[in-house]
Amino acid sequence: MSQKEEPRPPLQPPTNGNLITILSIDGGGVRGIISSVILDFLETELQKLDGKNARVADYFDVIAGTSTGGIVTAMLTTPNEEGRPLFAAKDVTEFYLEHCPKIFPSRDKYAFLNIGL
């Protein structure tokens, strides 16, 4: 018995001309806070140009991450009731500062502070 394949919906066209913009966020455990600080800075600068509601997710067609980068990605792309990003990049940094000891346990309970920030 053969089943007829459903046609796939077309891919969303790039939002920036002919370019597909991709943000890839690396893993690395607690060092995800470094990515969050950089993205917080980027979002702040974008808000200076495009208004206080600008979010990093607005500027990329695809955002992906591995391991801790996946946590950052999920927070940047989770939509609120209006379909806008639920969290700002600064919220990701605050999340890491508050929850790192629970997510990435260490024998030295302050090891997460020794990452060069």
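User: How many helices and strands are in the chain?

Analyst: The chain has 3 helices and 2 strands. From the N terminus the order is β-α-β-α-α. Helices (H or I, at least four residues) and strands (E, at least two) are DSSP runs, numbered from the N terminus. This is a predicted model: local features need pLDDT of at least 70, side-chain atom pairs count only at pLDDT 80 or more, and totals for chains, interfaces and linings use all residues. Residues are numbered from 1 along each chain as its sequence is written, and side-chain values use heavy atoms, with hydrogens and water left out.

User: What makes H1 and H3 roughly antiparallel?

Analyst: The axes of H1 (residues 32-50) and H3 (residues 89-103) cross at roughly 155 degrees and come within 7 Å. That angle makes H1 roughly antiparallel to H3. The cut-offs: under 35 degrees is roughly parallel, over 145 roughly antiparallel, 65 to 115 roughly perpendicular, and the rest oblique. Axes are lines fitted to C-alpha atoms, for helices over the stretch in contact, and angles run from 0 to 180 degrees between N-to-C directions.

User: Why are H2 and H3 called oblique?

Analyst: The axes of H2 (residues 68-77) and H3 cross at roughly 135 degrees. H2 and H3 are therefore oblique to each other. Their axes come within 9 Å.

User: Which residues of H2 and H3 meet?

Analyst: Thr 68, Ile 71, Val 72, Met 75 and Leu 76 in H2 meet Ala 89, Asp 91, Val 92, Phe 95 and Tyr 96 in H3. By class, the H2 contact with H3 has 8 nonpolar, 1 polar and 1 charged residues. Ala, Val, Leu, Ile, Met, Phe, Trp, Tyr, Cys and Pro count as nonpolar, Asp, Glu, Lys and Arg as charged, and the others, Gly among them, as polar.

User: Why is Thr 93 called buried?

Analyst: Thr 93 has a relative accessible area of 11%, so Thr 93 is buried. Buried means under 20% relative accessible area, exposed over 50%, partly exposed in between (1.4 Å probe, protein chains only). Across the 117 residues of the chain, 27% count as buried.

User: What is Thr 93 in contact with, leaving aside its neighbours within four places in sequence?

Analyst: Thr 93 is found in H3. With those neighbours set aside, Thr 93 is in contact with Ile 33, Ser 36, Val 37 and Asp 40. Contact means heavy atoms within 4.5 Å.
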